[in-house]
Number of protein chains: 2
Amino acid sequence: MPASSLALQALSGLPEVLPGMDLAALLCSAARDAGQHLVDGDVLVVAQKVVSKAEGRFMDLRDVAPSAAALALAARVRKDPRFVEAVLRESSAVVRASAHVLITRHRLGYVMANAGIDRSNVPGSDGGERILLLPLDPDASARALRAAILRQSGARVGVVISDSFGRPWRIGTVNVALGVAGLPAVVDRRGGVDRDGRRLETTQVALADALAAAAGVVMGETTESTPVVRLRGLHWDGPGGSGQDLLRSVAEDLFQ
Amino acid sequence: MPASSLALQALSGLPEVLPGMDLAALLCSAARDAGQHLVDGDVLVVAQKVVSKAEGRFMDLRDVAPSAAALALAARVRKDPRFVEAVLRESSAVVRASAHVLITRHRLGYVMANAGIDRSNVPGSDGGERILLLPLDPDASARALRAAILRQSGARVGVVISDSFGRPWRIGTVNVALGVAGLPAVVDRRGGVDRDGRRLETTQVALADALAAAAGVVMGETTESTPVVRLRGLHWDGPGGSGQDLLRSVAEDLFQ
């Protein structure tokens with residue numbers, strides 16, 4: 001770290017992921033089928049959606065009774081009150097709400113649209129009645145996936161569970177890291193010096209977010225087709241980080 | 001687009017870039033020396049710093065007389081008043097100011113820390129008196145670089161001029177695109193459908209930002225050593241975009 005080269009390869013051929021499926025086994029199998037055996041130091045970036053599906057994080061909107069707060073907010077953002085209720089249940093705070101935009105702080109700290117709940121690409125959605133929440137704990141999911149891949153393939157890989165985020169001020173989404181295991185999420189360059197011996201101003205680099213963004217380029221949007229990307233060429237020392245390392249505390253948040 | 005694989009290679013061996021140097025010639029030469037001839041469809045991500053240096057965008061703080069506004073703001077953010085004056089001259093608005101943090105809207109629309117002005121890695125800086133501004137017009141720089149590379153190497157490449165940005169809510173910097181030429185900056189998926197025929201919710205993908213972020217992983221922080229990364233494996237149709245495509249208008253900005 002940094003690497004002088006990096007190779008990204010989509011692992012295609014995954015089936016539609018259903019609740020209870022062994023995602024690690026599917027990934028190892030997809031890698032083998034592509035002649036792409038996993039090796040120590042590979043990083044797998046996995047779309048949140050397939051992790052959520054394997055974990056069965058579906059909810060049926062027909063089972064959701066919107067609260068008064070959800071009804072009021074839904075009128076403001078012009079979204080289905082039951083969907084807004086589901087978003088609020090997954091959130092600790094509303095950060096911004098306007099027509100067609102609902103940005104909240106997810107209960108785990110991610111500031112994102114709709115608490116990360118998906119309505120597209122949810123099979124059996126019967127006209128949008130079925131929704132898919134984020135994994136219960138993406139860091140725990142990443143650690144479990146990493147451990148299962150080690151058991152099944154012998155390879156010590158890094159795992160990043162990613163999702164696409166909008167950004168203030170900038171058009172379009174990029175993928176960021178929700179959960180991380182086996183590699184640093186943030187690389188701290190505090191105290192580093194440039195070639196003239198001057199102290200570097202930029203101090204912390206969001207490595208796992210950059211890897212998620214890179215993988216997003218080869219994933220495309222319909223993540224069912226290529227929800228997993230293997231990155232090869234990274235080198236790192238020391239213990240792994242977590243997706244929580246990437247979150248600013250509310251106290252130091254200038255954009256609440 | 002999307003690619004199923006993507007290869008990133010740092011082009012090392014660039015000399016210290018000085019004002020007036022032919023950056024395209026340096027890049028083509030660095031690629032040749034590495035046995036990495038550029039071909040049609042390659043994308044070069046170039047660190048803003050070397051573009052600014054080639055364009056001679058240096059300023060000496062000893063020549064800067066801070067205004068009353070700069071003096072007041074400098075006391076608030078605890079930065080050198082002359083540096084704050086330089087930031088204000090490059091900015092159209094102050095977005096957030098607190099101790100050690102000065103986020104402005106750059107005159108070209110980028111919302112970023114210190115209007116993108118660097119104090120580290122500026123040669124001859126005599127204890128930090130010399131600073132380096134962003135290129136005058138990063139999109140124009142990207143277009144000129146692309147045209148010069150075509151003349152000199154025959155290859156039709158895409159060019160992204162990148163810089164590292166902090167983000168609200170998230171720790172650490174990622175690289176984003178300031179200037180773009182020869183490839184789309186934003187890929188519009190409005191009206192796209194997922195595999196069940198459902199309309200996709202996520203509509204616009206910030207391709208050039210994702211490529212900049214990816215390249216940042218192989219650039220490292222001290223961008224002098226590897227300020228250029230070649231990306232191979234992308235496919236795109238249609239006209240190129242610009243860095244301006246990535247900027248939300250002030251009117252639709254929820255986080256002013």
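Q: Let's start with strands. How many bridges join E1(A) to E12(A), and are the two parallel or antiparallel?

A: Happy to begin there, with the reminder that this is a predicted model. The general idea is that strands of a sheet pair through backbone hydrogen bonds, either parallel or antiparallel. Here, E1(A) and E12(A) run antiparallel and are joined by 4 bridges. To find the pairing on screen, look for A:Leu8, whose bridge partner in E12(A) is A:Leu231.

Q: Which strands of chain B pair in the parallel sense?

A: One such pair is strand E2 (residues 43-47) of chain B with strand E8 (residues 158-165) of chain B, parallel over 5 bridges. Within this pair, B:Val45 has B:Val160 in E8(B) as its bridge partner.

Q: In what order do the strands of the whole sheet come?

A: Read a sheet from one side to the other, strand by strand. This open sheet has 10 strands in the order E9(A)-E8(A)-E2(A)-E12(A)-E1(A)-E1(B)-E12(B)-E2(B)-E8(B)-E9(B), and its pairing is mixed. Strand E9 (174-181) of chain A and strand E9 (174-181) of chain B are the edge strands, each pairing on one side only. On average, neighbouring strands of the sheet are turned by 25 degrees against each other, direction ignored.

Q: And where does helix H6 of chain A lie?

A: Helix H6 (residues 207-219) of chain A lies across several strands, among them strand E1 (5-10), strand E2 (43-47) and strand E12 (228-232) of chain A. From chain B, the strands under it are E1 (5-10) and E9. The helix runs at about 125 degrees to E9(A).

Q: Now helix pairs. At what angle do H1 and H5 of chain B pack?

A: For a helix pair, read the angle, the distance between axes and then the residues that meet. Helix H1 (residues 23-33) of chain B and helix H5 (residues 138-153) of chain B pack at about 55 degrees, their axes 9 Å apart, and are therefore oblique to each other. Their crossing is right-handed. From H1(B), residues including B:Leu23, B:Leu27 and B:Cys28 meet H5(B) residues including B:Leu145, B:Ile149 and B:Gln152. By class, this contact has 8 nonpolar, 2 polar and no charged residues.

Q: How do the axes of H3 and H4 in chain B cross?

A: The axes of helix H3 (residues 68-77) of chain B and helix H4 (residues 81-89) of chain B come within 8 Å and cross at roughly 115 degrees, which makes H3(B) roughly perpendicular to H4(B). This crossing, too, is right-handed. Among the residues making the contact are B:Leu73 and B:Val77 of H3(B), with B:Pro81, B:Glu85 and B:Leu88 of H4(B). The class count is 9 nonpolar, no polar and 1 charged residues.

Q: Last one: how is chain A divided into domains?

A: A domain may be built from separate stretches of a chain. In chain A, domain 1 covers 7-57 + 135-246, and domain 2 covers 58-132. Their contact takes 14 residues from domain 1 and 10 residues from domain 2. On the domain 1 side, helix H2 (48-54) and E8 of chain A each supply at least two residues, and H2(A) gives the most, with 4 residues. That side has 2 nonpolar, 6 polar and 6 charged residues.

Note on methods
Residues numbered from 1 in each chain as written. Chains lettered and ligands numbered in written order. Predicted model: local features only at pLDDT ≥ 70, side-chain atom pairs only at ≥ 80, totals over all residues. Pairing = 2+ DSSP bridges. Axes fitted to C-alpha atoms, helices over the stretch in contact; angles between N-to-C directions. Contact = placed C-beta atoms within 7 Å. Domains from an automatic or database assignment. Nonpolar A, V, L, I, M, F, W, Y, C, P; charged D, E, K, R; others polar. Parallel < 35°, antiparallel > 145°, perpendicular 65-115°, else oblique. Left-handed = near helix turned anticlockwise from the far one by under 90°.
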